[in-house]
Amino acid sequence: MSGLVAAGAISFGAFIFFCLGTFLAGLYASYVQSYRFAAADGREGADRGRAISWVMVGGLIAAIIGPQLVIATRDAVPGVPFAGSFLSQAALALIAFFVLTRLRGRQPAATAQTSSDDGGRTVLQLLASPKYMLGVAAGVVSYGLMSFVMTAAPLAMVGCGHSIDHAAWGIQWHVLAMFAPSLVTGKLIARFGKEKVTAAGLIIIGISGAVALTGLDLRHFFISLILLGIGWNFGFIGATAMVAAAHTEAERGRAQGLNDFAVFGTVAALSFFSGALMQASGWHLINLLMFPFIAIVLAPLVWQAARRL
């Protein structure tokens, strides 16, 4: 629907309907985020991390296919630039639709009921669970900081005298670094545990900030963005595995929805805030602000991981 509405809006020059199409694209993206939990449902222990990691590999493929598809189809409709790109988006979603019809989830067992009549904890009870909230907090910080810095990075690069092409290359390498580690993240979770991998991700995000603070050359930006992507991968996949292990099957919809509302609500807010802060205070402050948030989540993660030794 998003692709069809947007393509039609471009054809007729109706900006308000184009905005509606992009709004629908946002809704679509919110459902896509649930794929990682769908893959983890019915798996136990280290298998959850592996399943989530393999789903995230799709992002690596998308990072390659997406831009090329736009280039190949942007002039597919004569006289209507980019309408073909949105039609190709609709086609991809249709392919995904048929793939998803093959998905079979495990039904909650009758014994899975815990503290409420409908078979799971309430939202307030989930919020009072330290294990669940630590996973949510790790996801919020990992994804939120990544979005916060990534949004400001191209502005900072251009502002420091680097070309727009260099800024684009920096973001492309960052996106590849976000998803390429998914090929091994599941194995690392199986070997070291989800808490340790999540903690390692947060530490790498912190190192990316430290690199950014050491200089404004291209190499500083590129190394920082690559480390930011790797840190996000470890932190976000590890946090997702933590959340998946912190709820029962009966309460998974409530727990997963609450987690994603917190994570992506924070991402949206920080994306708006990042540009304004970059304009007002500069690139250095953007990176300095990362460290207290990392420390707040890293401390209990290290403590919990140490308890398992």
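In this predicted model, F179 is buried, and so is W232, where buried means under 20% relative accessible area, exposed over 50% and partly exposed in between (1.4 Å probe, protein chains only). Local features need pLDDT of at least 70 and side-chain atom pairs count only at pLDDT 80 or more, whereas totals for chains, interfaces and linings use all residues. Residues are numbered from 1 along each chain as its sequence is written, and side-chain values use heavy atoms, with hydrogens and water left out.

**Aromatic pairs**

- The whole structure contains 10 aromatic pairs; rings of Phe, Tyr and Trp (its six-membered ring) pair if their centres lie within 6.5 Å, with planes under 30 degrees apart counted as stacked, over 60 as edge-to-face and the rest as tilted.
- One of them is the edge-to-face pair of Y143 and F264, with 5.1 Å centre to centre and 70° between the planes.
- Y143 belongs to helix α7 (residues 130-159) and F264 to helix α12 (residues 252-281), so this pair ties together parts that are 121 residues apart in sequence.
- Y143 is buried at 14% relative accessible area, whereas F264 is partly exposed at 23%.
- The ring centres of F179 and W232 are 5.5 Å apart and their planes stand at 75°, so this pair is edge-to-face.
- F179 lies in helix α8 (residues 164-179) and W232 in helix α11 (residues 218-244), 53 residues apart.
- Ring pairs join Y143, F179, W232, F236 and F264 into a cluster.

**Helix α8**

- Helices are DSSP runs (H or I, at least four residues), numbered from the N terminus.
- The buried residues of α8 include A167, G170, H174 and F179.
- The buried residues of α8 pack against α4 (46-73), α7, α9 (182-192) and α11, contact meaning heavy atoms within 4.5 Å.

**Salt bridges**

- There are four salt bridges in the whole structure, each a side-chain nitrogen of Lys or Arg within 4 Å of a carboxyl oxygen of Asp or Glu.
- D260 forms a salt bridge with R36, with the closest N and O atoms 2.7 Å apart.
- This pair links D260 in helix α12 to R36 in helix α3 (residues 35-40), 224 residues apart, and both D260 and R36 are buried.
- D47 and R50 meet in a salt bridge of 2.8 Å, N to O; D47 and R50 are three residues apart in helix α4, separated by about one helical turn.
- D47 is partly exposed at 39% relative accessible area, and R50 is partly exposed at 35%.

Notes:
Helix = DSSP H or I, 4+ residues; strand = E, 2+ residues; numbered from the N terminus.
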